[in-house]
Amino acid sequence: MLDDIQSLRDSAREDIESASGLKDIHDLRVKYLGKKGILTSYLKSLGSIAKEERREYGQTLNETKGLIESLLNGREEDLKSSELEKNLASESIDVTITGRKIPFGHLHPVTQVLDEIISIFISLGFTVEDGPEIEHDFYNFEALNFPKDHPARDMQDTFFINDDVVLRTHTSSVQVRVMENNSPPLRVIVPGKVYRCDSDVSHIPMFHQLEGFLIDKNIRMSDLKGTLELFIHRVFGPETSIRLRPSFFPFTEPSAEIDISCVICNGSGCNVCSSTGWIEILGAGMINPHVYENAGYEPDMYTGFAFGLGIERVAMLKYGINDIRLFPENDKRFLDQF
Ligand code: DAH
């Protein structure tokens with residue numbers, strides 16, 4: 001009988017030593033010490049043992065129980081600490097590793113240039129106005145002195161919604177809208193999208209313009225020139241010269257094309273300025289009295305100037321970009337450079 005107990009001890013020791021996890025320890029505790037466990041069944045059989053042997057046998061069983069318990073506890077501690085070490089190793093954080101960069105966007109180059117231009121005019125006391133991109137023929141053409149069937153309309157390849165509604169071809173369309181709701185003095189800029197049915201290296205069907213106009217009493221062409229010169233100097237630097245070339249727009253009289261000395265070659269001639277040393281940058285002029293009339297003003301009461309410039313064109317010159325189609329393409333390799 002004592003031999004049985006010895007082999008029970010041996011098998012328990014073997015089992016416990018080969019336990020590989022806390023689950024095994026739990027199972028072994030049940031196997032040996034549980035209600036229906038092996039050692040428990042020995043203890044239960046104590047009654048059937050002869051009286052003179054019972055005392056020694058009971059003592060041995062109790063010692064065995066204690067032994068198995070302490071073996072289980074010892075192995076349990078070992079397993080717990082090695083599991084902890086394993087977890088610490090697998091969950092450890094390397095605080096010296098460099099952080100992973102979160103890709104961070106920035107403003108589109110057209111927006112950057114537009115914001116810069118807007119802030120220059122705000123510093124000169126201009127206010128920013130807005131108007132619809134889907135526009136009545138009246139505000140886009142008629143009110144700006146483009147009569148129906150007038151050849152000047154061909155200057156702008158228009159997207160028609162119907163006979164009377166167009167996608168605005170220029171932000172000049174907001175001039176008469178502002179005039180109708182406000183009286184001079186007016187100092188207004190209108191940044192926004194415009195649409196033309198045209199596409200090549202220097203034209204895209206949707207692009208951005210900024211229209212500006214100033215209306216008051218006794219405004220002269222020299223005010224126009226001074227304002228634009230200051231603006232050009234702020235955008236392209238004070239060494240940039242400007243020149244006014246006679247031109248035609250139905251809504252200004254006289255009208256001018258404004259050129260700047262080439263920002264690439266400083267006026268000595270290159271392929272950007274077609275060897276002329278000058279680059280056309282915007283259209284401008286003194287507001288035609290017919291426009292005042294169409295807005296409901298008395299034509300002789302006020303004078304003023306207007307100008308319009310393409311934002312992509314300014315961005316191309318500022319950053320040396322040679323294909324306007326890169327702007328709407330939104331290729332990250334292009335955008336990341338600004
Ligand atoms: N609206 C013209 C265009 O898109 C640009 C322009 C020319 C605007 C002369 C003006 C101006 O205000 O006076 O081609």
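In which sense do E6 and E10 pair, and over how many bridges? The two strands pair in the antiparallel sense over eight bridges; strands pair if DSSP finds at least two bridges between them.

## Basis of the model

This is a predicted model, in which local features need pLDDT of at least 70 and side-chain atom pairs count only at pLDDT 80 or more, while totals for chains, interfaces and linings use all residues. Residues are numbered from 1 along each chain as its sequence is written, and side-chain values use heavy atoms, with hydrogens and water left out.

## Domains

The domain assignment gives domain 1 (2-91) and domain 2 (109-335); such bounds come from an automatic or database domain assignment. The C-alpha centres of domain 1 and domain 2 lie 93 Å apart.

Helix H4 (residues 51-90) contains Arg55. Helices (H or I, at least four residues) and strands (E, at least two) are DSSP runs, numbered from the N terminus. Arg55 is exposed, with a relative accessible area of 69%. Here buried means under 20% relative accessible area, exposed over 50%, and partly exposed in between (1.4 Å probe, protein chains only). The C-alpha atoms of Arg55 and Val174 are separated by 112 Å, at 119 residues apart along the chain.

## The seven-stranded sheet

An open sheet of seven strands has mixed pairing and the order E1-E5-E6-E10-E9-E8-E7. Its edge strands, each pairing on one side only, are strand E1 (127-128) and strand E7 (242-249). E1 pairs with E5 in the parallel sense over two bridges, and Thr127 stands opposite Val188 in E5.

Six of the eight residues of E10 are buried, so this strand is largely enclosed by the rest of the structure. Gly212 stands opposite Phe307 in E10. E9 and E10 pair in the antiparallel sense over five bridges, with Leu309 of E10 as the bridge partner of Leu282.

## Nonpolar cores and aromatic groups

A nonpolar core is a set of buried Ala, Val, Leu, Ile, Met, Phe, Trp, Tyr and Cys residues joined through side-chain atoms within 4.5 Å. The largest has 47 residues, and those with the most contacts inside it are Ile117, Leu210, Phe231 and Ile281. Helix H5 (residues 109-123) supplies the largest share of this core, seven residues. A second, separate core of 24 residues includes Phe141, Leu144, Val176 and Leu186.

Phe121, Phe126, Phe231, Phe305 and Phe307 form one aromatic cluster. A search of the whole structure finds 13 aromatic pairs, where rings of Phe, Tyr and Trp (its six-membered ring) pair if their centres lie within 6.5 Å.

## Helix H7 and its surroundings

In helix H7 (residues 174-181), Val174, Gln175, Val176, Val178 and Met179 are buried. The buried residues of H7 pack against helix H6 (137-140), strand E5 (186-195), strand E6 (206-216), strand E9 (278-287), helix H9 (289-295) and strand E10 (303-310), contact being heavy atoms within 4.5 Å.

Arg177 lies over the face of Tyr139, at 4.2 Å from the ring centre. A charge sits over a ring if NZ of Lys or CZ of Arg is within 6 Å of the ring centre and within 35 degrees of the ring normal.

## Backbone exceptions

Most residues other than glycine have a negative phi, and most peptide bonds are trans. The peptide bond from Pro184 to Pro185 is cis, with omega near 5 degrees; Pro185 is found in the loop between H7 and E5. Another cis peptide bond joins Glu253 and Pro254, with omega about -5 degrees, and Pro254 is in strand E8 (residues 252-261).

Ser274 has a positive phi of about 50 degrees and is in the loop between E8 and E9.

Conventions. Phe/Tyr/Trp six-rings, centres within 6.5 Å; stacked < 30°, edge-to-face > 60°.
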